[in-house]
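Subject: Structure for your review

Dear colleague,

Please find below the structure that I am handing over to you.

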Amino acid sequence: MSIVAPSLLAANFLRLEDECKMINESVADWLHLDVMDGRFVPNISFGIPVIEHVRKATTKICDVHLMIEAPGDLVPAFKKAGADNIIVHWETCPNLHRNIQQIRELGMNPAVAINPHTPVFLLEDILPDLHHVLIMTVNPGFGAQKFIPHSLEKVKQLRKLIDDKKLNVLIEVDGGVTVENAQDLVNAGADVLVAGNTVFSSTDPKETIQKLKAVSR
Ligand code: DX5
Ligand code: ZN
């Protein structure tokens with residue numbers, strides 16, 4: 001069984017309460033929340049006030065993906081808004097170890113995301129401090145993009161690194177995940193499947209979540 005994290009970015013923002021209810025009733029494990037600042041990525045999504053409301057409407061683990069510059073400044077505010085997991089980007093954090101410590105000290109699960117051009121080996125020294133790693137399988141900033149095939153190789157490399165070091169770090173994949181490519185991703189070593197468009201554009205989102213959940217190694 002995989003961990004499934006529907007991405008709220010693909011939801012109908014006029015009906016967020018209903019969308020949260022649908023996810024609550026599904027077998028999804030986490031709710032993935034994409035925060036964008038228009039600087040690190042060329043798009044702006046939603047931020048702290050929206051997450052505060054979503055927190056009240058969801059029963060799932062809130063997995064907050066910060067696609068923002070200087071994320072450390074805002075980490076306490078995301079904790080207050082109700083985040084359970086905080087993902088920061090390797091590319092935005094020159095003092096990554098400090099950011100990870102801050103997230104842990106605030107009682108949240110720390111994770112690091114890497115963009116498609118960032119190699120997996122750069123995570124080697126920070127890996128023991130992480131709850132999970134998010135491998136971007138598209139360029140961050142937009143939903144409904146096409147999966148970058150080379151990502152599969154990166155998932156395999158990371159799986160090997162984690163297993164060789166006997167660590168308990170989850171691998172999350174984000175971008176262009178479909179019911180069709182989920183099995184390949186899980187075979188390569190992915191534990192957590194983020195899915196926006198695949199879930200919210202399907203005729204039966206709960207059934208789609210169920211299909212993703214059923215994918216096992
Ligand atoms: C993209 C975001 C993703 C996005 C995925 O920058 O990080 O979480 O919502 O959307 P899909 O699953 O539609 O590719
Ligand atoms: Zn994301």
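The notes below cover the metal site, the salt bridges and the aromatic contact.

This is a predicted model, in which local features need pLDDT of at least 70 and side-chain atom pairs count only at pLDDT 80 or more, while totals for chains, interfaces and linings use all residues. Residues are numbered from 1 along each chain as its sequence is written, chains are lettered from A and ligands numbered from 1 in the order in which they are written, and side-chain values use heavy atoms, with hydrogens and water left out.

Metal site

The zinc ion (ligand 2) is held by H32 through NE2, D34 through OD, H65 through ND1 and D174 through OD, at 2.0 to 2.3 Å. Donors are N, O and S atoms within 2.8 Å of the metal (3.2 Å for Na, K and Ca); water is not among the atoms, so sites may look incomplete. Along the chain, the donors of this zinc ion follow the spacing H-x1-D-x30-H-x108-D. Two of them, D34 in strand β2 (residues 30–36) and H65 in strand β3 (residues 61–67), link distant parts of the chain, 31 residues apart. Helices (H or I, at least four residues) and strands (E, at least two) are DSSP runs, numbered from the N terminus. Both D34 and H65 are buried; buried means under 20% relative accessible area, exposed over 50%, and partly exposed in between (1.4 Å probe, protein chains only).

The arrangement around the zinc ion (ligand 2) is octahedral because its six donor atoms subtend angles of 71 to 168 degrees. Four donors count as tetrahedral if all angles lie between 85 and 135 degrees; four count as square planar and six as octahedral if opposite donors are over 155 degrees apart and all others between 65 and 115; anything else is irregular.

Salt bridges

The whole structure contains 12 salt bridges, each being a side-chain nitrogen of Lys or Arg within 4 Å of a carboxyl oxygen of Asp or Glu.

In one of them, E25 pairs with K206, with the closest N and O atoms 2.8 Å apart. This pair links helix α1 (residues 16–25), which holds E25, to helix α8 (residues 205–213), which holds K206, across 181 residues. E25 is partly exposed at 45% relative accessible area, and K206 is partly exposed at 34%.

K213 forms a salt bridge with D29, where the closest N and O atoms are 3.0 Å apart. Here K213 in helix α8 is joined to D29 in the loop between α1 and β2, 184 residues apart. K213 is buried at 13% relative accessibility, whereas D29 is partly exposed at 23%.

R159 and D163 meet at 3.4 Å, N to O. They are separated by about one helical turn, because they lie four residues apart in helix α5 (residues 151–164). R159 is buried at 15% relative accessibility, while D163 is partly exposed at 43%. R159 and D163 also belong to a network of salt bridges with D191 and R217.

Aromatic contact

One aromatic pair was found in the whole structure. It is formed by F13 and F46 and is edge-to-face, at 5.9 Å centre to centre and 75 degrees between the planes. Rings of Phe, Tyr and Trp (its six-membered ring) pair if their centres lie within 6.5 Å; planes under 30 degrees apart count as stacked, over 60 as edge-to-face and the rest as tilted. F13 is partly exposed at 44% relative accessibility, and F46 is buried at 9% relative accessible area.

Yours sincerely
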